[in-house]
Amino acid sequence: MNKQARHVVVIGAGMAGMGAAVNLAAQGIQVTLLDAAAQTGGRARSVAIEFGSQVHQLDNGQHIMLGAYRETLKLLASVGVQEKDAFLRVPLSLDVRAGKQTAFKLNAPSCLPAPLNQLIGFLCCQGLHWSERVAVIKFMLRLKNSHYQIADDAPLANFLHINQQSSNVTTMLWEPLCLAALNTPINIASSRIFLNVLRDTFNSKKADSDFLLPKLDLSQLFSQPIARYLNANNAKVLHNKRVKSITPNANGYSVSTKEESFEASHVIVAMSPVRLRNVIGDLPKLSNLAEQTDSYDYQPIYTIYLQYPRNTTLSAPMLGLTGGLSQWVFDRGILCKQHGLMAVIISAEGKHQDITQEELALKVAQELKAAFPQLDKPLWHKVIAEKRATFSCNVNLPRPAHITPYPHLYLAGDYTYADYPATIEGAVRSGINAANYIINP
Ligand SMILES: Cc1cc2nc3c(=O)[nH]c(=O)nc-3n(C[C@H](O)[C@H](O)[C@H](O)COP(=O)(O)OP(=O)(O)OC[C@H]3O[C@@H](n4cnc5c(N)ncnc54)[C@H](O)[C@@H]3O)c2cc1C
């Protein structure tokens, strides 16, 4: 079938579906992108919150990207987003506070090449005993020599213990990284997937370990430029289209919502695993897949927005917090000119789920005040709880392939990119992989 004769329906306009659609449209292939929601972006979207007469544009969760997010950066460049306008690029550094004290501080000197910058960074970091710093360096060297591969997956906490990482190193360094990258408690998180993240962050170019902190809200960053690109390239982006079924027919597939059907030669199902069964449940050859994804566990991410007077600012755009519920705080004034607005992140399950959102906001405000005594009382707050933010990246979690037993029917979505935890980059790569099966059959 030549390219002009192909018509692809992509179900789900999250990062995976949008990544697939852009790549198909760039090849002149006809695409219709359907999403159940009133906006695109899926789990990476902005949210308008009204307080009195004012509307505040927040994100459903503060997102962090890495220099290693190669395909995401390429995707953004292809739809006209310049990195310098979109992100603040921060070289590898961590500054974690326990109350007013510095609990851990790592600065990898940006004047040195990798991995020397990491070596010096770990050697000179604050908050670890000398012997612990040496243990971290030895561990990183061992991982490098083994190409970041392990024979058997194991819970990360056990793996770190076997590799002589003390509880202090784990608390200060590895656990925060595991929560940020895998959004999964360290006692159940997959060591194999964590090592894949370390490999892609630390093993190649120095810029891979940079943090990329969005300067735009997530819709300005992703959905809007991607929708503009798709509209300009003959693709259709349709909202409020909740797909109910996919039916094979002589020409391919009929993709149906309650009200209408879309005919397609090829289909990419780019939904989160949570709702997959609703759409593929009637396809008998996908019953194993539905069972597999039904068995997934999910982890929450809470973002607590606290608005302080506009002149309030922190010493850095991103700071770590330990010893309480709060894990990271982002100064949205430094990042996206939302002056005085702080976004506090709490990843994965924990005690914060046992209290009300009002109590949580109050507790987080107290923790911020303890760490940064210059802060006044917040003027308003908003808690956004994404209860099933990501799949729980557990040991040996089964991950389905992009190809299905049905011809021309592919899967995309963060859970299908087997190398990575649930991330923007995993989602984008999955979409590109699925699109490539159609572009180069
Ligand atoms: C609060 C939060 C913080 C995060 N922080 C980070 C971070 O810092 N860094 C990072 O890399 N990743 C982060 N992630 C993870 C990242 O956002 C996700 O991995 C990624 O966005 C998943 O994209 P996706 O396309 O696979 O799935 P989704 O974004 O879930 O997209 C699926 C789409 O399918 C649509 N859909 C569902 N059912 C139907 C149907 N029946 N018909 C049509 N459409 C349907 C949905 O509306 C949705 O738009 C975070 C996630 C959350 C929630």
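**Helices, domains and a ligand shell**

Me: How does α4 pass α5, in a left-handed or a right-handed crossing?
Reply: The crossing of α4 past α5 is right-handed, meaning that the near helix is turned clockwise from the far one by less than a right angle. This is a predicted model, where local features need pLDDT of at least 70, side-chain atom pairs count only at pLDDT 80 or more, and totals for chains, interfaces and linings use all residues. Residues are numbered from 1 along each chain as its sequence is written.

Me: Nice. At what angle do the axes of α4 and α5 cross?
Reply: Roughly 155°, with the axes of α4 (residues 116–123) and α5 (residues 130–145) coming within 9 Å. Axes are lines fitted to C-alpha atoms over the stretch in contact, with angles from 0 to 180 degrees between N-to-C directions; helices (H or I, at least four residues) and strands (E, at least two) are DSSP runs numbered from the N terminus. That crossing makes α4 roughly antiparallel to α5, the word for angles over 145 degrees.

Me: And which residues make the contact?
Reply: L119, F122 and L123 come from α4, and R133, V136 and I137 from α5 (contact: C-beta atoms, placed from the backbone, within 7 Å). Five of the contact residues are nonpolar, none polar and one charged (nonpolar: Ala, Val, Leu, Ile, Met, Phe, Trp, Tyr, Cys, Pro; charged: Asp, Glu, Lys, Arg; polar: the others, Gly among them).

Me: Switching topic: which domains is the chain divided into?
Reply: Domain 1 (3–46 + 217–296 + 394–439), domain 2 (48–68 + 76–87 + 297–391) and domain 3 (106–205), with bounds from an automatic or database assignment.

Me: How far apart are the centres of domain 2 and domain 3?
Reply: 25 Å, taken over C-alpha atoms. Domain 2 puts 13 residues into the contact and domain 3 puts in nine. On the domain 2 side, β15 (298–307) and β19 are the elements giving two or more residues.

Me: OK, and why does the ligand lie between domain 1 and domain 2?
Reply: Because both domains give residues to the shell around the ligand.

Me: How many residues surround the ligand?
Reply: 39, the closest being G12, G14, G42, G61 and T423 (a residue is near if its C-beta atom, placed from the backbone, lies within 6 Å). Elements giving two or more residues are α1 (15–26), α10 (276–280), β19 (380–391) and α14 (424–439). The shell has 19 nonpolar, twelve polar and eight charged residues.

Technical notes
Parallel < 35°, antiparallel > 145°, perpendicular 65-115°, else oblique. Contact = placed C-beta atoms within 7 Å.
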